[in-house]
There are 2 protein chains.
Amino acid sequence: MQPILKINLSTQIFEEYKIPAEWERDYLGAASLAARILYDDLTADLDPLSPESPLLILTGPLTGTFGPATGRFIVAGKSPATRLWAESNVGGFWGVELRKCGYDGVWLTGKSDSPLYLWLNGTKPELRAADHLWGQDTYQIQESLKAEIGSKSAKVLGIGIAGENQIPMAGIFCDHGRAAGRTGLGAVMGSKNLKAIAVLGNGEIPLARPDKYKKLRVLANRALKEDPLTSVMSDLGSAGAAEYLDYLGEMPKKYFSAGTLEGSEKISGSSVAETILVGKKACHGCVIACGRVVDIGDGEKRKGPEYEALVGFGPNLGLTDPIFATRMGELCDRYGLDLISASGTIGLAYSLYEQGIISAADTDGLALEWGNADSAETLLHQLARREGFGALLAQGSLALARHFNAESQAVQVNGLELAYHDPRGASGMALVYATSPRGACHNQSDYFLADIGQVDDSLGLAFFDRHAGAEKAANVARHQDWRTVGNSLVICHFANVPPQTLLDLVNAACGWELDLDALMRAGERGWTLKRMINLNLGLRAANDRLPEPLLKALPDGGAAGYEIPFDEMLSAYYTARGWDAESGVPSREKLIELGLEYIA
Amino acid sequence: MQPILKINLSTQIFEEYKIPAEWERDYLGAASLAARILYDDLTADLDPLSPESPLLILTGPLTGTFGPATGRFIVAGKSPATRLWAESNVGGFWGVELRKCGYDGVWLTGKSDSPLYLWLNGTKPELRAADHLWGQDTYQIQESLKAEIGSKSAKVLGIGIAGENQIPMAGIFCDHGRAAGRTGLGAVMGSKNLKAIAVLGNGEIPLARPDKYKKLRVLANRALKEDPLTSVMSDLGSAGAAEYLDYLGEMPKKYFSAGTLEGSEKISGSSVAETILVGKKACHGCVIACGRVVDIGDGEKRKGPEYEALVGFGPNLGLTDPIFATRMGELCDRYGLDLISASGTIGLAYSLYEQGIISAADTDGLALEWGNADSAETLLHQLARREGFGALLAQGSLALARHFNAESQAVQVNGLELAYHDPRGASGMALVYATSPRGACHNQSDYFLADIGQVDDSLGLAFFDRHAGAEKAANVARHQDWRTVGNSLVICHFANVPPQTLLDLVNAACGWELDLDALMRAGERGWTLKRMINLNLGLRAANDRLPEPLLKALPDGGAAGYEIPFDEMLSAYYTARGWDAESGVPSREKLIELGLEYIA
């Protein structure tokens, strides 16, 4: 692989970092490789917002190769939200452009005294003053930097004022609203006084067997185009199955307290398509093009809402207006905020207000009744700016709940707010949220799809009822391993590419002869390594938990009355993983089996 | 296979008909085998409602074997609606029970002087007087005959008053609203004065390699349960993807004249599930259970509406009320009417009324504006009873249009009304409708699913855009062949069973060693034989047409502006089929290749 550009922002010293060749094959790239690279640096007493805290931006061996939905890259480090392993995965075009500059990653440490941006164009990397960019939102920096550089082809990655304000739910954004949203790495970037990284390259994306790869990718893209999920994702976006998820009780309402909501049928990809959709947008080389382009009545073309935006600023707050969700989604993007965490924290505020735990006296007079869109919009502005009640919200839902002595009310795991897939509608998500290396995350396994039968047969998962319990634990683990492979290559989870196809692509891209077992084992290795990092960072078995509100049954809707048998599920999961039944620590044998001797 | 019970209703002579063994392997069973059996009897001058007209009820080698969704059987003959090949496929439990009586089919000819029903219980078949049943609806005869026979386990197949009245859109119904709806074979049964066939058996369903079959069926059912389509079909029924089809402009509105309709989001499986669904119902041995059970507010458990009912008595008439569609669906069932043809003909009346071609003077004063539910309900009663304006509607849309000198307005092919999948939303359906052996039918290929990528990879179909043209012709032909295999075995089209799995099941059930090519060739053989039958019956290339309204672009919605390149598509289709480019007649070489020497 190409070198990683390592930059100490305190000293402004640049170096080219090369990893041992065997790490590539063992960890594949991107997320798992980042865990290997940062393993020694991530310690329990490291302050995520200190100069010593690393921020690693890394591509994978398939990034930019025109493979099926492989235009992605990741950012990694230590999360200011969870103080655990942090990673976030993002599409668009930036990562591809980075590789064309001759680097497969950028590793940042230190802290600049004043705002800077980094400019890479394939020759000498340059740090430039960014005082004039400070305070700009993530859409503005795109325009400003392209103008300054004098090329519309340059790609820009950066933070908004949420990152500048070191808000632990700040993300890192590229292109037009493509977000590495989760785990607060935007705050880490902000803490280093680095506003943005602009890249423009003209090199070749490295491929070990280019002829072979190019043949395979044509077939893989064709197959992907034919995949049942692709049509729906392409035509209706990530909310294509929203009506179904709603029916199953899998779409949260009123901050996970209600199973049904009048008007929720408007929260769907088809409703968006029929009312405001005017176009689609794809990441680099992707045949799906799940990105929406909408016109909400002002003649402007805007980024349309994904499923998480539609629900987070919709039923989660008792609302059902896709236009409002579009506007709030854009605000999150511009501020550089993780939409799930922001809307989740606002949802908690509404829930506490309903319960009388907080009142208008706490909210600067805002009424937080379900369905009140104006208050949500005001709170979002306040949150990003750390103003008024928003300063408290900016710390995330766990801190908010603790402030009001209501910690158990926060629907989060280890400090990260839940994505909008209620595990009571699809029980596999209970394990996913509880055991993800980065808190309540649905991108380390979108198992809700498996729970409703929407995964490729060739993945070899057994099928269980969406309300089955412990019997699905081994399946969940396998699906997590599979998604870990995806997060390492990097391939988008919306692309239903069969394991064998992906393996063939990886072997051709890297010149390897891996078999399927080796590929899946690399996934398990990455998962386990992140577990070990988190154990080093203080995670214990007691942290593998679901928040209390999710352990109660919903009163109505498609999951009404169902209680997750969580304890049995977790116990079966530990067993399936080869982890100690009490401590949740991977056994020495498991570590050695996975080639993690350096940890064992 | 077990013998077919052949009955001449004029003479009341019974015989056991055995087919040559090679026919089984060449035609598999059910629909294709029926075509082979009836080939000599179906002549151009045969009146479908004459005593000479045959009515053949036939199961397939998988019927009742607890294979994946294999509880089905077919009825076949000459259609009073199209005067072409007639077949219709139905689920439920009746066909299974017939096989348990030791028969794989019932072949009816002749005509009784007075109403009869047939009673089969595995011993001596019996014809009994049915005067007391005449006039009963298809739900009532279930109860009446079970009471008379003294067994709730007996299964009943029969006609309603539409069949008694020999309405050319009358179907044959079994169990509770399971319909062999299309092509008017209920009228043929009515013309013979046969009201019903009750069966109760206790024999074994024959299997050549029972141990092997039973192992395979467990795996096949498990795989089916995991299939992506199954979850949706099971949870949301056949309208599970309605929102998507609506968005694509594939769901017809206002009799195929509009692309959008206010409130159409209520026409969906999730909307039904969230409002009136109280249970599910499966055919014999089926793991999907697509059948809906609903409560529309009166505390009764009723059969819920399928997609075709929701659209036919919904957007087709400018309506969006699932409860109304439920009620009309039940009326069609009770009267014994094909819902698609009935609602389609009523839709034509509304369209002619809008255009001023007919007026209240023609309709006995009924106003037929879009959205008028009361008029539709009145027309449906009149149609079934051949009363007033309904007497004209009862002849179907082609006759209705001709009566008002507006033949081109009827959305039908060769006398059969279109199913509710607009080919402008998914162009493959244009060829499907134009070339189906039974008129505008979506059960000889539901290619709209292929057009949106929802078919199993292993079927080996290339993927084309839903608005691609001639390039998809060969694909359509292959999909038709595949569905012809399904209609012969019989397996439900909602069951996404891979070809290899189905092949293994067939071989184990029948003791064969077919390969996949042979299986698909059997499909092509059946398709081609039906083509030859239709050519014998007077069909010509000029009949392979779409109705004019579908050749114009829709004004709005997901198919707005798209015109089907029909002529090129048809020409490519003939080529792909090995049919003469001008006459559409299968070449002699093709017939010989398929083992149809007796025709060539």
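**Strand S1 of chain A**

I began with strand S1 (residues 4-8) of chain A in this predicted model. Four of its five residues are buried, so I noted S1(A) as largely enclosed by the rest of the structure.

I then looked up the pairing partners of S1(A). Strand S6 (residues 105-109) of chain A runs parallel to S1(A), with five bridges between the two.

**Interface of chains A and B**

Next I turned to the chain contacts. I found 25 residues of chain A in contact with 25 residues of chain B. The two chains bury about 2,300 Å² between them, and 52% of that lies on carbon and sulfur atoms. I looked for salt bridges between chain A and chain B and the count was zero. Polar contacts across the interface came to 11 residue pairs, with both residues at pLDDT 80 or more.

I listed the elements of chain A that give two or more residues to the side touching chain B: helix H7 (210-226), helix H8 (228-236), helix H9 (242-247) and helix H10 (269-275). H8(A) gives the most, with five residues. By class, I recorded 13 nonpolar, four polar and eight charged residues on that side of chain A.

Conventions: Residues are numbered from 1 along each chain as its sequence is written. Chains are lettered from A and ligands numbered from 1 in the order in which they are written. This is a predicted model: local features need pLDDT of at least 70, side-chain atom pairs count only at pLDDT 80 or more; totals for chains, interfaces and linings use all residues. Side-chain values use heavy atoms; hydrogens and water are left out. Contact means heavy atoms within 4.5 Å. Buried area is the accessible area (1.4 Å probe) that two parts lose on being put together, summed over both. A salt bridge is a side-chain nitrogen of Lys or Arg within 4 Å of a carboxyl oxygen of Asp or Glu. A polar contact is a pair of N or O atoms within 3.5 Å; within protein, one must be able to donate a hydrogen and the other to accept it, and residues adjacent in sequence count only if both atoms are side-chain atoms. Ala, Val, Leu, Ile, Met, Phe, Trp, Tyr, Cys and Pro count as nonpolar, Asp, Glu, Lys and Arg as charged, and the others, Gly among them, as polar. Buried means under 20% relative accessible area, exposed over 50%, partly exposed in between (1.4 Å probe, protein chains only). Two strands pair if DSSP finds at least two bridges between them.
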